[in-house]
Amino acid sequence: MLLTSFVQFQLQFGLKETKLKRLPGRKMQSPSSDSKKLRVEEALPSRVIHIRRLPTEAMDAEVIALGLPFGKVTNILTLRGKNQAFLEMGTEEAAITMVNYYNTVPPHVRNSPVYVQFSNHKELKTDAASQRTQAVLQAVSAVQPPGSEVQDVLAAASSPVLRIIIDNMFYPVTLDVLQQIFSKFGTVMKIITFTKNNQFQALLQYSDPVQAQHAKLALDGQNIYNSCCTLRIDFSKLVNLNVKYNNDKSRDYSRPELPAGDSRPTLDPSVAAALSKDSTPLLCKIPGALNPLSAAAAAAAAAGRVALPGQAGSGGVLLASNLNEEVRVYGDVQRVKILYNKKDSALIQMCDPSQAQLAMSHLNGQKMYGKIIRVTLSKHQSVALPRDGLDDQGLTKDFTNSSLHRFKKPGSKNFQNIFPPSATLHLSNVLQDVTEEDLRLLFSNTGGTVKAFKFFQDRKMALIQMSTVEEAIQALIDLHNYNMGANQHLRVSFSKSTI
């Protein structure tokens, strides 16, 4: 429709005819010699467009959006006190097309008509103080490329609300995870999550449309977790979200006092206050996916099991009961201290808080030895070793320099293979002369039943499926780091695959 309109303008008026009509210094005067206020000096065609009668609340992004359908916008100067702006186009031809179009189809910004004409300036010269404006120009141009439909560009430029769809959602994505990711690009005001067409979706409102444009530009197509939970981001037609409740489905960060609704308990005031502040961003580097440990640990926020910044339990120490070797699957154990008065519980210090949160998220509530494993964050920031000469009956062990740590090598593939407990186990570092029968017998001796087995092509890795998750956990405890001979240790971890 827009291109058809352009053709009609060029046939009716012609670009060459437009240039001929505008002569230097020519003045248009009303028949009445007393009407000096109506005297207007017509400017020659120029790359610079003068825009008048802008609404007071109009933003730079909305002004830039007026020019994008006609070509590249190279600069902008806004005079807020006068409700005016100057827009510099990439070419004079694009500027002429824009003025001709808006002369017959008056543009509107925030439902108010604005007036467009050529400026006497041939170019805009702005100083270093306009860096923010240039950033806005770059963001809007990238999100809505030149040639986009006028209404689409205007809608995107004026909306601070993003519509987010999560594709390939292998891990749960929560409201808190989204807040931490998107707060990297501005102040997140409100979030509403919902499921539509069997897809997890969210509406997220920033305090400023420009922040929404930056977030879309940086995050659209990125993965929250490795190779899954892909963000698909568009602008919403809404300009404001109405949030009635603060709970795990919706939240207004500017109003922490809102009720929880739906019979959910209201947020504790200290928690609400913490949530109203910007959380530490999970994204360490943009563009790129989240750090796999930090991202997966964030999923624990769904159940409120992750400590808030500044709260007790934000260190890398876990308090665990009925927990053993399986904690190593989710990080490198540094120290373990069995409690003297409660020997079925222990303090476990992980390498960092992300690993502690990840272990807690995946292991809390799992069944082992007929009991439920309980894992929480400890108030302790570290596990202290016993003083020299003090016998603590061997209750404290230091594994800091262990050669069997899974995650000591930066960039290791182990970071990409962190999964919740499952009945299927991934085996690696298998000796070449070991057969399927050998491995089946080895894992059967842990007390479980092997249901299926599959070697990888190189026979250095394999998948083995136990009959239950509990049996798989027991097998991992017994056989991870099992010495297969020639000082070669078997590596066992949980797998997302089935056989």
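Which side chain meets R232 in a salt bridge? The partner is D167, at 3.1 Å from N to O. The close-ups below come from a predicted model.

**View 1. R232 and D167 join two strands.** R232 lies in strand β13 and D167 in strand β9. The two residues are 65 positions apart in the chain. R232 is partly exposed, at 39% relative accessibility. D167 is also partly exposed, with a relative accessible area of 23%.

**View 2. D234 pairs with R163.** The closest N and O atoms of this salt bridge are 3.6 Å apart. D234 belongs to strand β13 (residues 228-235), R163 to strand β9 (residues 161-167). The pair spans 71 residues. D234 has 37% relative accessibility and counts as partly exposed. R163 is partly exposed at 31%.

**View 3. R47 reaches E88 from a loop.** Their closest N and O atoms lie 3.7 Å apart in a salt bridge. R47 sits in the loop between β2 (40-41) and β3 (48-52). E88 is in strand β5 (residues 84-89), 41 residues away. E88 is buried, because its 7% relative accessibility falls under 20%. R47, at 22%, is partly exposed.

**View 4. Two cysteines, C229 and C351.** C229 is buried, with 0% relative accessibility. C351 is partly exposed, at 46%. The disulfide count for the structure is zero.

**View 5. The whole chain.** The protein chain has 13 helices and 25 strands. Of its 499 residues, 48% are buried. The structure holds eight salt bridges. The accessible surface is about 25800 Å², with 50% belonging to carbon and sulfur atoms.

Notes: Residues numbered from 1 in each chain as written. Predicted model: local features only at pLDDT ≥ 70, side-chain atom pairs only at ≥ 80, totals over all residues. Heavy atoms only, no water. Helix = DSSP H or I, 4+ residues; strand = E, 2+ residues; numbered from the N terminus. Buried < 20%, exposed > 50% of the residue type's maximum accessible area, 1.4 Å probe, protein only. Areas by Shrake-Rupley, 256 points an atom, 1.4 Å probe, with all protein chains shown as cover. Disulfide = S-S within 2.5 Å. Salt bridge = Lys/Arg side-chain N within 4 Å of Asp/Glu carboxyl O.
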